[in-house]
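The exercises below go through one structure, with a worked solution after each task. Try each task before reading on.

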Amino acid sequence: MIDKHILGQHNLTEEEYSTIVNLMGREPNLTELGIFSVMWSEHCGYKSSRLYLKKLPTAGKGVLQGPGENAGVIDIGDNLAVVFKIESHNHPSFIEPYQGAATGVGGILRDIFTMGARPVALMDSLRFGPLEEPLTRSIMEGVVSGIAGYGNSIGVPTVGGETAFHSCYSLNPLVNVFCLGLAEKDKIFLARAEGAGNPVIYVGARTGRDGIHGATMASAEFGKETEHKRPNVQVGDPFKEKLLLEACLEVMDKGLILGIQDMGAAGLTCSSTEMAAKAGTGIEINLDLVPQREEGMTPYEIMLSESQERMLIVTTPEKKAEVQAVFAKWDLEAPVIGRVTDTGRLVASFKNQIVVDVPVNAVVNLCPVYRRPTALPAYIQRNDRHPDLPVPDDLSAVTLRLLSSPVIADKQWIFRQYDHMVQTNTVLPPGGDSAVIRIKGTGKALAMTLDGNSLYTYLEPKAGAMIAVAEACRNLASVGARPLGVTNCLNFGNPEKPEIMWQFEQAVDGIAQACRFFGIPVTGGNVSFYNETEGQAVHPTPVLGVVGLIKDIRRSARPGFAGPGDSVILLGETKEELGGSEYLRTIHGIEAGPVPRLDLELEKRVQEVCLEAVEAGLVRSAHDLAEGGLAAALAESSFYSRGMTGCRIELESAIRPDALLFGESQSRILVTCRPGKSRLVLELAEKNGVPARTIGRTGGQEIVISSEGQELVKIGLEEAYSRWKNAVPQFFKTWP
Amino acid sequence: MRFGVVQFPGSNCDFDAIHVLRNVMKRDTEILWHKDHDLRDVDCVVLPGGFSYGDYLRPGAIARFSPLMQQVRHFALTGGLVLGICNGFQILLELGLLPGAMLRNRGLKFICDSVHIRIENGQTPFTRAGRKGLVLRLPIAHFDGNYYASRRTLAEIERNGQVIFRYCDSGGKVTGEANPNGSLNNIAGLANRRGNVLGMMPHPERASEAALGSEDGRLIFASIIEAVEARPPKIKKGTGNRRAGHDR
């Protein structure tokens, strides 16, 4: 009865099917096949990536929970822990941008509060096609309002993130959602179904037919027709989730539950089997007791539904009533739908018949793992060296054009739609190098950033991935935070293509090497493959989310100049590196390497100098150099300054002026300080072996940059600001 | 004095208000559960921001039916101080304690930003620590803050001095550009005729600590405290000395 056609619909190979039959000792029925298919999908089973992910360093100082749970947990002192994770919602966001993005936010929030943490910050890493395309604009409007619709309503601030544009994302946008929560260190909850005989409680929204096979959908390429997949996208209800959040935190705070797992991808199937597998137990469920939104749902549909805002809780018989009372207070259903067993099996009954009987270990842990073939893509050598180019005559005009490239331009159009202040902790709002939120009652603050330059990772996956880690850490150093841990979201094409797998292998290598070097643990993350539409893959896009700690909130830095008359110091060295730069792409229309070289040792020292200078109270502003190089960084520091302060910069360098201004050499941070303190900053740099030079002064209403006495750039702040400010909104209909 | 912050399902600025009232303004603050029937003897009721009942139907449309709102209505009609912030303002409109209604923002997008507002009436219990013409810088965060009223109502509230705050530029000029959401007459805050009920879209609780960039919001809370504490002490009923719940 299970034939090729059905296997195809479930994205299972014949080999995988015979493994299932072996593990089961018989042929599965259709519901059981559905269970295996979602749990063994790429999305849930990590079958192409698992071998590589093992290379990532996961241990480190303060790690209370590494990968394998809903989110990573790191000790930050004061009996507190941060719980954070990033996840992708790319496929659904393409099919139905608003709900796709909204339920992405809902899902990552549940991952955090399932652990016992109150979510305190959200961030998003977004990739879209060029804004000139109407489809891109409509996807972007939908995604941004979806994120806003969910995050704003539930009252978790969206404090930062990043957005980039490239034609490779036109038909495959990326929506990566990050959430961070705070928990008491000794009150972390895990997804475990302990103790045979204990009741299993279903809480939250009712189960409907939405999202069936969402995980499977996320594990295949898209063809021309995606319209019919719209019903696979779930529909979010942030109000329900807010109630669920408060009720869950209340039962946790009162010590009423033993284990809890959210029903995300693969819904009831995933939560029940994972909880049992982790505890080495089994679970028995009566599907008739599962609250249903629609009539006539089959066991298959109930088990595989990805309806949102649902959780599975295990408690003791004694505490069951108290748990239910808390949920009733929040107007939520909390029926007992089953119990924990010691059989090691998931057994589900429906209308007095056993409809599912599968070994949980096989479902959860025995998903086949593949070492897929890899091959060097042909484009790598084709694009490894950009041609010689003339230096443009009018570098002021080039600066203005770069500032109005959507990649560099102001993203306020986006984050003005997000409530980034609710919970009253946001010290540094979106737009800076890192978002900073205070931790009430401690004097400490958390900094967080998302980073990934996919042009770099396209041209040189390994180097690009290492740069992403380095830059994320540099973003933290720029606000005065020391990194605690990393979460990553790896967005790639179809892993069955050797070239894609090569990109993946290289990128993971790069992340592993850089994280090891910086000594920061990877506490979790997400892999999103099959980001391809009509055979066209996105650039390999690893997104790094790094969280750091600021020990004393009074000793932190901001990117904007603090006022006129400060010394501007450039930490690090500018080399003649134009490969992979936004300048090369925007001004010359060339996407070619080599990407900037990264010297990890130097990088670490540069960050250390910045951190020490901030911690010593010497620094008035700090901003890391990224896309658009020195010129863009100077302009941004002016735009973010109080009362719009410009600067006058005098460089002494023999390299080509466009590389000097717009090159993206790594390991550079712009800091400002009172003129009297610049000597101390320079001494600090020298002591650490970091090249550093005072390059000018803040002040005036212009940005003037000269080198060796020759004026290269002179732009009025007002014009530059309006170009930078309007570049994104001009594509949308706006009213104030 | 004692504040009470009402918690509805979907409130999300409740803890922000509680934090400021307890830890910054240093006043006792009760958390009032919407299903309760007792205002617990508070001197000022705060309806916090958020998305009560998910903003379903209309912002504030369902919250007004919460059991506690009957007590709040009675409290307001007998002169008790009620401050509605953002969603709290919307609830007060739905409840009929304030005239007019909220429409979607003119730009049809949620707006989170810092705005300037000008005090139009410094004689209320909510603004007495300031003065007419004073400009405050406060955050807004809403989707439905586009104040609307009939021409007649508008004329009436203007005539009665019920318009307490108006959106303005940093110099205090009330301009179309400074109006973030399309509110009629740039109205950002509105009181009832008696002056004991105030609804405002900006969030004073988000601007009450230097660490967050502005302390202008404290003026509102300081005014309330001043107003209540200047009153002759009333005889307290009940047990008093209730332990203030615990902050997150």
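**Exercise 1. Chain B as a whole**

What percentage of the 248 residues of chain B count as buried? Describe the make-up and extent of the chain as well.

Solution. The structure is a predicted model.
- Step 1: of the 248 residues of chain B, 55% count as buried.
- Step 2: the chain holds five helices and eleven strands.
- Step 3: the C-alpha trace of chain B spans about 50 × 35 × 35 Å along its principal axes.
- Step 4: a compact globule of 248 residues would have a radius of gyration near 18 Å, and the 17 Å of chain B agrees with this.
- Step 5: take the contacts in chain B between residues at least 6 apart in sequence; 76% of them join residues at least 24 apart.

**Exercise 2. Chain A as a whole**

Solution. 
- Step 1: chain A contains 26 helices and 28 strands.
- Step 2: 63% of its 736 residues count as buried.
- Step 3: the box filled by the C-alpha atoms of chain A, taken along the principal axes, is roughly 90 × 55 × 50 Å.
- Step 4: for 736 residues, the radius of gyration of a compact globule would be near 27 Å; chain A has 26 Å, which agrees.
- Step 5: among contacts in chain A between residues at least 6 apart in sequence, 84% join residues at least 24 apart.

**Exercise 3. A unit in chain B**

Which handedness does the β-α-β unit made by β1(B), α1(B) and β2(B) have? Work out how its parts fit together.

Solution. 
- Step 1: begin with the strands. β1 (residues 2-7) and β2 (residues 28-33) of chain B run parallel and are joined by six bridges. One pairing to look for is B:Gly4, whose bridge partner in β2(B) is B:Glu30.
- Step 2: β1(B), α1(B) and β2(B) together form a right-handed β-α-β unit.
- Step 3: check how covered the helix is. Eight of the eleven residues of α1(B) are buried, so the helix is mostly covered. Among the buried residues of α1(B) are B:Phe15, B:Ile18 and B:Leu21.
- Step 4: find what covers the helix. The buried residues of α1(B) pack against β1, β2, β3 (44-47) and α5 (218-229) of chain B.
- Step 5: B:Lys26 follows α1(B) and has a positive phi, near 60°.

**Exercise 4. Where the chains touch**

How many residues does each chain give to the contact?

Solution. 
- Step 1: chain B gives 27 residues and chain A gives 28 residues.
- Step 2: on the side of chain B, the elements giving two or more residues are α1 (14-24), β6 (111-119) and β7 (135-142).
- Step 3: the largest share of that side, three residues, comes from β6(B).
- Step 4: sorted by class, the side of chain B that touches chain A has 13 nonpolar, six polar and eight charged residues.

**Exercise 5. The largest nonpolar core**

Solution. 
- Step 1: the core has 316 residues, of which A:Met39, A:Val469, A:Leu571, A:Cys610 and A:Val671 touch the most other members. Its largest share, twelve residues, comes from helix α19 (residues 461-479) of chain A.
- Step 2: for A:Leu571, contacts beyond four places in sequence include A:Val606, A:Cys610, A:Val671 and A:Ala692.
- Step 3: A:Ile467 sits in helix α19 of chain A. A residue is buried at 20 or more C-beta neighbours within 10 Å; A:Ile467 has 30 and therefore counts as buried.
- Step 4: beyond four places in sequence, A:Ile467 touches A:Asn453, A:Tyr456, A:Val595, A:Leu598 and A:Gln666. A:Gly510 is 43 residues from A:Ile467 in sequence and 8.4 Å away in space, C-alpha to C-alpha.

**Exercise 6. Backbone details in loops**

Is A:Asn79 buried or exposed?

Solution. 
- Step 1: A:Asn79, in the loop between β2 (72-77) and β3 (80-88) of chain A, has 11 other C-beta atoms within 10 Å and is exposed. Its phi is positive, about 60°, although A:Asn79 is not a glycine.
- Step 2: A:Glu534 lies in the loop between β19 (532-533) and β20 (536-537) of chain A. With 10 C-beta neighbours inside 10 Å, A:Glu534 counts as exposed, and its phi is positive at about 50°.
- Step 3: the bond from A:Gly593 to A:Pro594 is cis, with omega near -5°. A:Pro594 is in the loop between α21 (582-588) and α22 (600-615) of chain A.

Terms used. Residues numbered from 1 in each chain as written. Chains lettered and ligands numbered in written order. Predicted model: local features only at pLDDT ≥ 70, side-chain atom pairs only at ≥ 80, totals over all residues. Contact = placed C-beta atoms within 7 Å. Helix = DSSP H or I, 4+ residues; strand = E, 2+ residues; numbered from the N terminus. Nonpolar A, V, L, I, M, F, W, Y, C, P; charged D, E, K, R; others polar. Core = buried A, V, L, I, M, F, W, Y, C linked by C-beta atoms within 7 Å. Buried ≥ 20, exposed ≤ 12 C-beta atoms within 10 Å, placed from the backbone. Pairing = 2+ DSSP bridges. Right-handed = clockwise from strand over helix to strand, strands pointing away. Rg over C-alpha atoms; globule rule 2.2 N^0.38 Å.
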